[in-house]
Amino acid sequence: MREDFGDLHEIEQQAEREAAAAQTPEALEEVRVRYLGRQGLVTQAFRRLGTAAPEERPRLGQALNALRAAVSSALASRADALARDAREARLAAERLDVTLPGRPLAVGRRHVLTRTMEEIGEIFRGLGFQIVEGPEVEHDHDNFERLNIPPYHPARDAQDSFYLGGGWLLRTHTTVVDVHVLDAHRPPVRALSYGHCYRRDPVDASHSPMFHQVDGFMVDEGVRFSDLKGVLIHFARMFFGPDTRTRFVPSYFPFTEPSAEMAISCVICGGRGCAVCKRSGWLEILGCGMFHPRVLEMAGIDPQRYTAFAFGMGVERPAMLKHRIDDIRLFFENDLRFLRQV
Ligand SMILES: [Zn+2]
């Protein structure tokens with residue numbers, strides 16, 4: 001009667017092969033049903049145990065139990081392997097490689113003119129000047145008349161502006177901020193402003209209708225021209241280098257008396273003479289002087305008691321000298337190849 005049970009060893013090997021070949025939990029479940037299910041091969045073999053000869057039953061029962069244990073074990077081991085594979089596949093899919101270099105962020109920077117103004121501001125802040133701001137739209141009265149430039153004055157020709165109507169215009173110089181500060185504060189005052197200015201200049205390598213200025217002044221009892229020189233010489237050495245020499249040449253501005261222009265020894269040739277300084281060895285960088293008594297009077301400040309010095313300079317020119325830039329238009333074209341260099 002042994003034939004009825006088939007070759008148990010062959011069933012065991014076949015079950016093990018099929019279990020090992022199952023690629024999914026579903027396929028493995030099918031293998032389990034095929035062998036251990038209600039109609040499975042192992043289950044059916046147990047049913048036929050009753051038909052075996054009584055003396056054979058103990059040995060056959062033992063063999064069948066061993067078969068069932070072996071098939072169960074093969075199924076369990078394959079189930080473990082499938083679960084492990086699935087876990088590893090999920091981990092691989094979710095793998096985060098912390099050793100990868102980060103994606104570079106595009107870090108911007110402030111424009112070279114902004115940095116130049118802030119650098120100048122820091123030098124004067126160190127001398128006790130407070131940094132102030134003013135509007136870019138001004139009234140003719142403040143922009144010109146309060147600075148001793150009446151409507152008929154020829155100085156207006158050099159400062160033709162963009163007019164907005166009703167006496168309003170885009171400011172032609174940051175000197176107008178001085179007027180607002182004088183109105184708001186009583187002496188002693190030390191203030192510095194910087195920002196955009198506008199004049200109707202045609203665009204070329206050294207002119208732009210929009211440009212930047214720094215303007216500063218100090219008003220107190222006993223302020224003298226020598227104070228002005230000391231402050232500006234200190235600035236020139238801080239900004240252009242400790243070996244910078246300075247020269248003051250008499251000049252004229254409607255709102256200062258006396259007036260001067262300050263030149264520095266050429267930063268390109270060191271004063272020997274070159275194309276940038278037109279062979280003179282000097283570069284004019286700013287205008288300055290003592291505030292005209294009328295400017296103080298119009299601000300309600302007694303010129304008999306108080307005196308003040310003032311100075312103003314373009315920002316583009318010192319920036320161009322410092323960074324060896326030969327065309328003002330480069331500042332305003334937003335060409336990143338240029339902006340990344342300065
Ligand atoms: Zn030179």
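The expected span is 1.5 Å times one less than the number of residues, and helices (H or I, at least four residues) and strands (E, at least two) are DSSP runs, numbered from the N terminus. This is a predicted model, in which local features need pLDDT of at least 70 and side-chain atom pairs count only at pLDDT 80 or more, while totals for chains, interfaces and linings use all residues. Residues are numbered from 1 along each chain as its sequence is written.

A residue is buried if 20 or more other C-beta atoms lie within 10 Å of its own, exposed if 12 or fewer, and partly exposed in between, with C-beta atoms placed from the backbone. In α2, the residues L28, V31, R32 and Y35 are buried. Seen down the axis of α2, these buried residues fall within an arc of 100° (taken from the directions from the helix axis to the C-beta atoms), so they line one face of the helix. On the other side of α2, E26 and E30 are exposed.

The cover over the buried residues of α2 includes the helices in this table.

| Helix | Residues |
|---|---|
| α1 | 8–21 |
| α3 | 41–47 |
| α4 | 57–93 |

Helix α4 also holds A86, which counts as exposed because it has 12 C-beta neighbours inside 10 Å.

The protein chain as a whole has 11 helices and 10 strands, and its C-alpha trace spans about 140 × 45 × 40 Å along its principal axes. Buried residues make up 31% of its 342 residues.

Note on methods
Two residues are in contact if their C-beta atoms, placed from the backbone, lie within 7 Å.
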